[in-house]
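This report describes the strand, helix and loop arrangement of a single model. Please keep the sequence and the 3D view open while reading.

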Amino acid sequence: MSGESDLIHRILVIDDNPSIHDDYRKILAGHAAGKVSAAEAALFGEQPPAVERPTFDVDSAMQGRDGVERARAALTEGRPYSVAFVDMRMPPGWDGVETIEHLWAVDPEIQVVVCSAYTDYDWLELLTRLGHSDKLIVVKKPFEPIEILQCASALSRKWANARALRQHVESLERVVTDRTRGLEAANRKLRHLASHDSLTGLPNRLLLDDRISQTIAQADRQSHEFAILVIDLDRFKVVNDSLGHRAGDELLREVAQRLKSAVRTVDTTARLGGDEFVILLGPPITESEAYAVAHRVIELMEPSMRLLGLDVHTSPSIGMAFYPHDGRTADTLLARADAAMYTAKERGRNNVQRYAAGMSAGTQDRVRLESELHEALHGGQFELLYQPKVDTATGRINSAEALIRWRHPERGLLLPADFIGIADDCGLLDDIGEWVLHEACRQAKAWQDEGLPRLRVAVNLAPSQFRLTNLVNQIRRALDAVQLDPQLLEVELTESAVMSDAEESILILEAISSMGVLVSVDDFGTGYSSMSYLRRFPIDKLKIDRCFVEEMTRRSEDASIVRAIISLAHSLRLKVIAEGVETPEQLALLADLGCDQYQGFFFSPAVAADQFTALVRQSQANRPAGEEDDANRTQSKLAALGRRA
């Protein structure tokens, strides 16, 4: 409010004398005009000159009961009275004291002024009966107008300040309450996040360990058994790498729901990370009941899941361990159930195995290999062997495929099948792929420096490596590091990796091909190529999968598939290479069908770089003078178009 003259409060006057109400209004509502009457002068004395003063909204009641009802109604309307002027004697109804008692019972905050010429109570009696001495003032009649005005102004201001303070405190209390509730909710959320997997909402390893500890204590008290099932999804990496992490996350959420529906509410379904889940079957549980749950999980996984418009199937490999027979601690039980799970994978996947003595050796070996892989990458234990790619018509080597081997200090030379899957699981596959790329480029440049013909080296890209955002820069760095002509590098990608996101693949392949690097599709015929996309891909070669080559001399169906692939490739102006050629009969048939190149044990297995050098020199010994190298004759599709333009 801008000033005291703007202050308007509601005032209640309770008095059985009608003329008194007019006097109150003249004083409080500002309606006095000119001189006062003789009776007023006798009652109030001479009035001072009129001055600017606050005004009030004045209501009247002739009896105490009526006044209390007015106070009740005002409170209900949300417009309470700030001050009540109450006469002490109001026959035949309540007297002033009784009126005030009822008034404060309705509105304990109202300020009261007792105005009376006579009273049957002294001040101490009033205080004893009414209390609230801080809200009670006694004014004797006849009174000065200024007394009434000052009482009304001061008490209204006091009432307003108390009301404002009370509202402020209530507001602060609401803020504190809201913030306390917010903190409690945040703490609950933090506790939930600390103990649950953010993707699936399932308990995580922290909460699972606690539940296993509680279950062990319960099982010991009641002499019961319980079971732990470790569940790993088969071929989840294929889905994740082919369809992307968003599809992989959606798959994991769906799997979590299916696993929860397979167990009782008293059991615990948890996610440890990646595609590994755990089910804790509380006691008492028998072996047959645990097997029944495991088989129910397998059944629930059978229906396909719709991801990115594709029906995707996944299956679980399940390992099972029992307390106390297979272990008496959470770590031991989980490790042995994990070992049983890997046994289930080795026995064909999509099955359940219970832990048996000796199973842990394989798991421990896998963990050891993971640790040793990190050392191998930084310790120079990897090496590349090179398998010749041979011209079917001339029998001369025109390129090589780089194949990685691990020279393990204790286990000897390990093939990719022994460690690539583990490298993929522990996140090292992309780093290893980058090392292969750089080493292959270095070796190709070294052969040039040795005076060998311009030999192209092919490098396999893993699906995850193909999807790296910096793949093109990675290839360019490898070429620039040794100043290798991009025409001497070829990248091989599996059909499924290329087709997982065809539109994105086109952009990546165009960037690679524009550099001058050749692109080959490996394992062709085993995936799900779309002919329309195959026509749009800037690829240069199709590589026939060995599964067709193996049987083509014995199965006419496979020979027909090989013939169709060769015909398709040539119609698209692509070269064709067959892998896995091991017999002269296979080579002869491929030559008849017009296959351009082949590789396989019939000519040579993968060999070290110096042995490959010797093979090339021998292959080139009878080469006609002036014959152009294959690396010069074959250019990447987009680079060749650029040169012609």
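Two strands are said to pair if DSSP finds at least two bridges between them. The model discussed here is a predicted one, and in it strand S6 is joined by six bridges to strand S8 (residues 276-281), the two running antiparallel. Within that pairing, Val 230 stands opposite Val 278 of S8. S6 also pairs in the antiparallel sense with strand S11 (residues 316-323), here over eight bridges, and Asp 232 stands opposite Ser 317 of S11. Strands of a sheet pair through backbone hydrogen bonds, in either a parallel or an antiparallel sense.

These pairings belong to an open sheet of five strands, in the order S7-S8-S6-S11-S12, with mixed pairing. Its edges are formed by strand S7 (268-273) and strand S12 (352-354), each of which pairs on one side only. From one strand to the next, the twist averages 20°. The parallel part of the pairing includes S11 and S12, which are joined by three bridges, with Val 352 in S12 as the bridge partner of Ile 318.

Is strand S6 (residues 226-233) mostly covered or mostly uncovered? It is mostly covered, since eight of its eight residues are buried, buried being a relative accessible area under 20%. In a regular strand the side chains alternate between the two faces of the sheet. For S6, both faces are covered: Phe 226, Ile 228, Val 230 and Asp 232 are buried on one side, and Ala 227, Leu 229, Ile 231 and Leu 233 are buried on the other.

Helix H7 (residues 205-222) touches S6, S7, S8 and S11, and its direction makes about 140° with that of S7. Helix H9 (residues 245-261) lies across S6, S7 and S8, and runs at about 15° to S8.

## Parallel sheet

Another open sheet has five strands in the order S2-S1-S3-S4-S5, and its pairing is parallel. The edge strands, each pairing on one side only, are strand S2 (57-61) and strand S5 (136-140). The twist in this sheet averages 20° from one strand to the next.

Within the sheet, strand S3 (residues 83-86) pairs with strand S4 (residues 111-116) in the parallel sense over four bridges, and Ala 84 stands opposite Val 112 in S4. Helix H1 (residues 18-28) packs on the sheet and touches strand S1 (10-14), S2, S3 and S4, while its direction makes about 170° with that of S2.

## Helix pair H21 and H22

Helix H21 (residues 556-571) packs with helix H22 (residues 584-593) at an angle of about 40°, and their axes are 10 Å apart. H21 is therefore oblique to H22, and the crossing of the two helices is right-handed.

On the H21 side, Ala 559, Val 562, Arg 563 and Ile 566 meet Leu 589, Leu 590 and Leu 593 of H22. Sorted by class, this contact has six nonpolar residues, no polar residues and one charged residue.

Gln 474 lies in helix H16 (residues 471-482), and with a relative accessible area of 2% Gln 474 is buried. Apart from neighbours within four places in sequence, Gln 474 is in contact with Glu 434, Leu 437, His 438, Gln 465 and Leu 468.

Asp 425, found in helix H13 (residues 420-425), counts as partly exposed at 40% relative accessibility. Leaving aside neighbours within four places in sequence, Asp 425 contacts Lys 237 and Arg 366. Asp 425 and Gly 274 are 151 residues apart in sequence, with a C-alpha to C-alpha separation of 9.1 Å in space.

## Backbone features in loops

A cis peptide bond joins Lys 141 and Pro 142, with omega about -5°, and Pro 142 lies in the loop between S5 and helix H6 (145-195). A cis peptide bond also joins Pro 283 and Pro 284, with omega about -5°, and Pro 284 lies in the loop between S8 and helix H10 (287-301).

Although Arg 235 is not a glycine, its phi is positive, at about 60°; Arg 235 is found in the loop between S6 and helix H8 (236-243). Asn 350, likewise a residue other than glycine, has a positive phi near 55°. Asn 350 lies in the loop between helix H11 (330-346) and S12, and is partly exposed, with a relative accessible area of 36%.

Conventions
Residues are numbered from 1 along each chain as its sequence is written. This is a predicted model: local features need pLDDT of at least 70, side-chain atom pairs count only at pLDDT 80 or more; totals for chains, interfaces and linings use all residues. Side-chain values use heavy atoms; hydrogens and water are left out. Buried means under 20% relative accessible area, exposed over 50%, partly exposed in between (1.4 Å probe, protein chains only). Axes are lines fitted to C-alpha atoms, for helices over the stretch in contact, and angles run from 0 to 180 degrees between N-to-C directions. Contact means heavy atoms within 4.5 Å. Angles under 35 degrees count as roughly parallel, over 145 as roughly antiparallel, 65 to 115 as roughly perpendicular and the rest as oblique. A crossing is left-handed if the near helix is turned anticlockwise from the far one by less than a right angle, and right-handed if clockwise. Ala, Val, Leu, Ile, Met, Phe, Trp, Tyr, Cys and Pro count as nonpolar, Asp, Glu, Lys and Arg as charged, and the others, Gly among them, as polar.
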